[in-house]
Amino acid sequence: MSSGHAAPGVERKLYFEDVTVGLVLETPGMTLTTAHVGMFSGLCDTRLADPLTVPELLPLCLSSGLGWRVPQPPLVVLAFMGFEWRFLRPARVGDTIRSVSKSLAKRLMKEGGVVIEERNILNQRDELVQGGKLTLLVARRPAP
Amino acid sequence: MYRSPGRTVTEADIVIFAGLSGDYNVLHTDAEFMKASIFGERIAHGLLGLSIQQGLLGRSEPRRADERLVGLKWKFRGPIRIGDTLHVEARIAAKHDGEKPESGLITMQRRVLNQHGEVVQEGETEHLVGRRPG
């Protein structure tokens with residue numbers, strides 16, 4: 001394991017106790033390209049009538065990686081338990097999306113803590129492309 | 001009911017999905033770390049499983065006119081491991097009029113099962129579908 005000799009700060013993580021309900025986090029943008037669409041369609045076998053249409057699930061998938069690029073350490077997510085999602089506008093190749101998220105609630109459980117996150121994906125015109133609520137199981141801070 | 005063909009989830013699928021999505025969580029990328037976890041090995045991203053089932057179902061359903069996915073309620077019930085073979089079972093649970101005269105809404109219930117018959121993911125999807133003209 002590599003974590004034993006990390007410099008202070010390098011391995012910083014956020015635990016359940018560190019989640020601030022109501023704090024809004026915004027990711028950097030990501031321009032959707034034919035490379036994204038081609039790779040996603042090849043991996044998942046999505047058939048598209050129009051090669052410039054972005055598959056509905058792709059912005060959602062990209063938001064999970066964008067979420068690691070906010071100005072705070074990553075949350076120790078043990079499991080993605082479920083979510084509810086609305087697809088409001090189709091995205092097109094050339095659009096630049098970003099994700100804005102906020103913790104709505106947190107609840108302590110036996111094996112960790114449950115965090116409800118609201119997440120909205122916006123385009124370069126600040127239009128809501130898709131969004132919803134995610135239920136995450138987050139690790140509790142280990143005893144010192 | 002629709003039953004999709006099977007698909008075996010490989011290590012390559014997980015690596016490609018991590019690269020595409022940018023989600024390099026250790027759950028999916030660090031084999032050594034995961035040996036000590038309750039799973040004992042790397043597991044697939046939940047959203048990779050969701051995306052794979054979408055493609056699988058597309059191979060077994062008829063193409064509907066002007067179909068668009070508009071909503072999703074989804075539960076991740078269990079891990080998807082490297083080497084697991086998934087298939088999807090789906091049925092149309094409801095049909096409604098849409099807000100506009102040219103389309104209606106259908107609700108589908110879907111279950112994603114592995115080779116042991118365990119449900120690893122399940123949920124409901126809502127789709128806009130074009131109405132027959134005239």
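**Strand pairing between the chains and the fold of chain A**

In strand β3(B), Trp74(B) is the bridge partner of Phe83(A). The model is a predicted one. This pair belongs to a pairing between the chains: strand β3 of chain A, residues 77–87, is joined to β3(B) by five bridges. The two strands run antiparallel. A further residue of chain A, Glu84(A), stands opposite Lys73(B) of β3(B). Lys73(B) also has a bridge partner within chain B, namely Glu124(B) in β6(B). That partner comes from the pairing of β3(B) with strand β6 of chain B, residues 119–130. Eight bridges join β3(B) to β6(B), and the direction is antiparallel.

The contact between the chains draws on 28 residues of chain A and 27 residues of chain B.

Just after α1(B), Gly22(B) takes a positive phi of about 80°.

Chain A comprises two helices and six strands. From the N terminus on, the order of its elements is β-β-α-α-β-β-β-β. Along the principal axes, its C-alpha atoms fill a box of roughly 55 × 35 × 25 Å. Chain A has 144 residues, and 32% of them count as buried. Among contacts in chain A with a separation of 6 or more, 71% are between residues 24 or more positions apart.

In soluble globular proteins, nonpolar side chains tend to be buried together. The largest nonpolar core here has 52 residues. Leu58(A) and Ile97(A) touch the most other members of this core. With neighbours within four places in sequence left aside, the contacts of Ile97(A) include Gly29(A), Met30(A) and Leu32(A). Pro59(A), Leu62(A) and Ala91(A) are also among them. Ile121(A), Leu122(A), Asn123(A) and Val129(A) are in contact with Ile97(A) as well.

Strand β1 of chain A, residues 24–26, contains Glu26(A). Glu26(A) has 15 other C-beta atoms within 10 Å and is partly exposed. A buried residue would need 20 or more, so Glu26(A) does not count as buried. Beyond residues up to four places away in sequence, Glu26(A) touches Arg98(A) and Val100(A). Between Glu26(A) and Lys102(A) the separation in sequence is 76 residues. In space, their C-alpha atoms are 9.0 Å apart.

Positive phi values also occur in residues other than glycine. Asp45(A) is one of these, with phi near 65°. Asp45(A) is found in the loop between α1 and α2 of chain A. This residue is partly exposed, with 16 other C-beta atoms within 10 Å. In chain B, Asp66(B) has a positive phi near 50°. Asp66(B) is found in the loop between α4 and β3 of chain B. Residues with 12 or fewer C-beta neighbours are exposed, so Asp66(B), with 11 inside 10 Å, counts as exposed.

Confidence was considered for chain A. The average pLDDT of chain A is 91, and 92% of the residues score at least 70. Over residues 1–9 of chain A, the pLDDT is below 50. Beyond near neighbours in sequence, this stretch has four contacts in the model.

Notes
Residues are numbered from 1 along each chain as its sequence is written. Chains are lettered from A and ligands numbered from 1 in the order in which they are written. Two residues are in contact if their C-beta atoms, placed from the backbone, lie within 7 Å. Two strands pair if DSSP finds at least two bridges between them. Helices (H or I, at least four residues) and strands (E, at least two) are DSSP runs, numbered from the N terminus. A nonpolar core is a set of buried Ala, Val, Leu, Ile, Met, Phe, Trp, Tyr and Cys residues joined through C-beta atoms within 7 Å. pLDDT is the predictor's confidence in each residue, from 0 to 100.
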